[in-house]
Amino acid sequence: MYTVAIINQKGGVGKTVTTVNLAAALKHHGHDPLVIDYDPQMNATDWLMGREATEEDATIFDSLAAWEGQNTDEYGFANIFRSSDAVGVDFIPSDRRMAAASFDSVIGRSPVFPQQFRCRVQEFRTAQVQRNSSSPKNHDYCLIDCPPSLGRSIATALAGADGIIVPIHADRFSMRGVSQLQDTIKQIRKVHNDSLRILGLLPNDLDLRSGLVSDMQEKFEEVYSDVLFETSIPWRSKINEAATHGKNIMEYDGASDAAARYRNLAGEVVERSRIATAA
Ligand SMILES: Nc1ncnc2c1ncn2[C@@H]1O[C@H](COP(=O)(O)OP(=O)(O)O)[C@@H](O)[C@H]1O
Ligand SMILES: [Mg+2]
């Protein structure tokens, strides 16, 4: 299973729409993605589950908090993922305790911090190998919808991820944000996870008619040519409408340009993750 964190410390850049639509597009290509909502705002949970998580729902917080350096199966990913009727992918919900104050005081205080997520992923991979290969469930991608921060919860996610995808707006501030993010990644690589790499930057929400955007896009292409995805996602009302209706874009309007772009993106993600795994 290849694990990808969708991150950007800015809010509203398209992390959640990218996570959910990319998951649906991977499914379209015959893959079996698992989405993890890592954001206390629970936008992906709302979208995938059709409601907020309650105390009865086992969430990613429960799973990370229960890991104390040993296998606590009850909250292993294999036992707590569920299926989204609305979007047709499997997911693990988030809850409000993923917010910095509660995360830092429970998960961030553990002696095994920040390895909890990494351990859960490894446990899940082992369970996959041990399971009968004829099992219909064999998640080959895990997509983590991260909150808009670079705090301790992100460190945990990055310590256990193979790659990251960064949705970005084409503006000057995003450029600064990306270099900040690169510093964070360098730190994580050095201390916790030397195999972490940037899978790609995804220009999102572009207004293709704007001259300013095409100037900035050129600039991005100059500076980040080695990591930009070939696919970019323009601003499309359909993307927003699909999300508002709780659907993925493939299902909402599979013939649309937006759906085609997410399918292309999924193709690129598969290609790049294969190359990364082989390297
Ligand atoms: N390419 C796009 N076209 C139209 N609307 C978009 C696009 N990307 C994001 N949006 C909308 O912008 C808002 C913020 O996106 P979201 O994925 O929630 O951002 P984040 O998770 O980074 O905070 C949402 O209402 C979403 O539907
Ligand atoms: Mg979000």
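In which helix does Glu 222 lie?

1. Glu 222 is part of helix 9 (residues 211–224); helices are DSSP runs of H or I with at least four residues, strands are E runs of at least two, and both are numbered from the N terminus. The model is predicted, so local features need pLDDT of at least 70 and side-chain atom pairs pLDDT 80 or more, while totals for chains, interfaces and linings use all residues. Residues are numbered from 1 along each chain as its sequence is written, chains are lettered from A and ligands numbered from 1 in the order written, and side-chain values use heavy atoms, without hydrogens and water.

2. Eight strands form an open sheet in the order 3-4-2-5-1-6-7-8, with mixed pairing. Strand 3 (82–83) and strand 8 are the edge strands, each pairing on one side only. Pairing requires at least two DSSP bridges between two strands.

3. Strand 7 (residues 197–206) has seven of its 10 residues buried, so the rest of the structure largely encloses it. Buried means under 20% relative accessible area, exposed over 50%, and partly exposed in between (1.4 Å probe, protein chains only).

4. Six bridges link strand 6 (residues 163–168) to strand 7 in the parallel sense. Val 166 is opposite Leu 201, and Ile 168 has Pro 203 as its bridge partner.

5. Strand 7 also runs parallel to strand 8 (residues 233–234), with two bridges between them. Here Asn 204 is partnered by Ile 233.
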